[in-house]
Amino acid sequence: MIQKLISTVKPMGVKVGICGQGPSDYPEFAEFLVKEGIDTISVTPDSVLKTLKTISKFEKGYNW
């Protein structure tokens, strides 16, 4: 459902963000969101660095 939402509204110029515990607890979910083109991810303060490192590693290996 999230992939469908992102792929439907992004071509219309709509920004997409997510807030919740999921990207904080599950790095693979954060990677999925970035891959799908999400604009913003809100994470809990105690997981900001961990999530940023995960996304950075993913983006370095991802061929945009």
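Colleague: Which residues does Val-16 touch, not counting residues up to four places away in sequence?

Modeller: In this predicted model, Val-16 touches Leu-5, Ile-6, Val-9 and Lys-10, and also Ile-38, Asp-39 and Thr-40.

Colleague: What makes up the largest nonpolar core?

Modeller: That core has 5 residues in all: Ile-6, Val-9, Val-16, Leu-33 and Ile-38. To be placed in a nonpolar core, a residue must be buried and joined to the set through side-chain atoms within 4.5 Å. Buried, in turn, means under 20% relative accessible area. As general background, nonpolar side chains in soluble globular proteins tend to be buried together.

Colleague: Thanks! Now the helices. Why are H1 and H3 called roughly parallel?

Modeller: Helix H1 covers residues 2–9 and helix H3 residues 27–36, and they pack at an angle of about 20 degrees. Angles under 35 degrees count as roughly parallel, and H1 and H3 are therefore given that description. Their axes are 10 Å apart, and the crossing is right-handed.

Colleague: Which residues make that contact between H1 and H3?

Modeller: H1 contributes Ile-2, Gln-3 and Ile-6, while H3 contributes Phe-29, Phe-32, Leu-33 and Glu-36. By class, the residues of this contact divide into 5 nonpolar, 1 polar and 1 charged.

Colleague: What is the contact of H3 with H4 made of?

Modeller: On H3 there are Pro-27, Ala-30, Glu-31, Val-34 and Lys-35; on H4, Thr-51, Thr-54, Ile-55, Phe-58 and Glu-59. These residues divide into 5 nonpolar, 2 polar and 3 charged.

Colleague: One last stop, Val-43: why does Val-43 count as partly exposed?

Modeller: Its relative accessibility is 24%. Buried would need under 20% and exposed over 50%, so at 24% Val-43 counts as partly exposed.

Colleague: Where does Val-43 lie, between which strand and helix?

Modeller: Val-43 lies in the loop between strand S2 (40–42) and helix H4 (48–61). Leaving aside neighbours within four places in sequence, Val-43 is in contact with Pro-23, Ser-24, Val-48 and Thr-51. Val-43 and Ile-18 are 25 residues apart in sequence, with 8.9 Å from C-alpha to C-alpha.

How values were computed
Residues are numbered from 1 along each chain as its sequence is written. This is a predicted model: local features need pLDDT of at least 70, side-chain atom pairs count only at pLDDT 80 or more; totals for chains, interfaces and linings use all residues. Side-chain values use heavy atoms; hydrogens and water are left out. Buried means under 20% relative accessible area, exposed over 50%, partly exposed in between (1.4 Å probe, protein chains only). Contact means heavy atoms within 4.5 Å. Axes are lines fitted to C-alpha atoms, for helices over the stretch in contact, and angles run from 0 to 180 degrees between N-to-C directions. Helices (H or I, at least four residues) and strands (E, at least two) are DSSP runs, numbered from the N terminus. Angles under 35 degrees count as roughly parallel, over 145 as roughly antiparallel, 65 to 115 as roughly perpendicular and the rest as oblique. A crossing is left-handed if the near helix is turned anticlockwise from the far one by less than a right angle, and right-handed if clockwise. Ala, Val, Leu, Ile, Met, Phe, Trp, Tyr, Cys and Pro count as nonpolar, Asp, Glu, Lys and Arg as charged, and the others, Gly among them, as polar.
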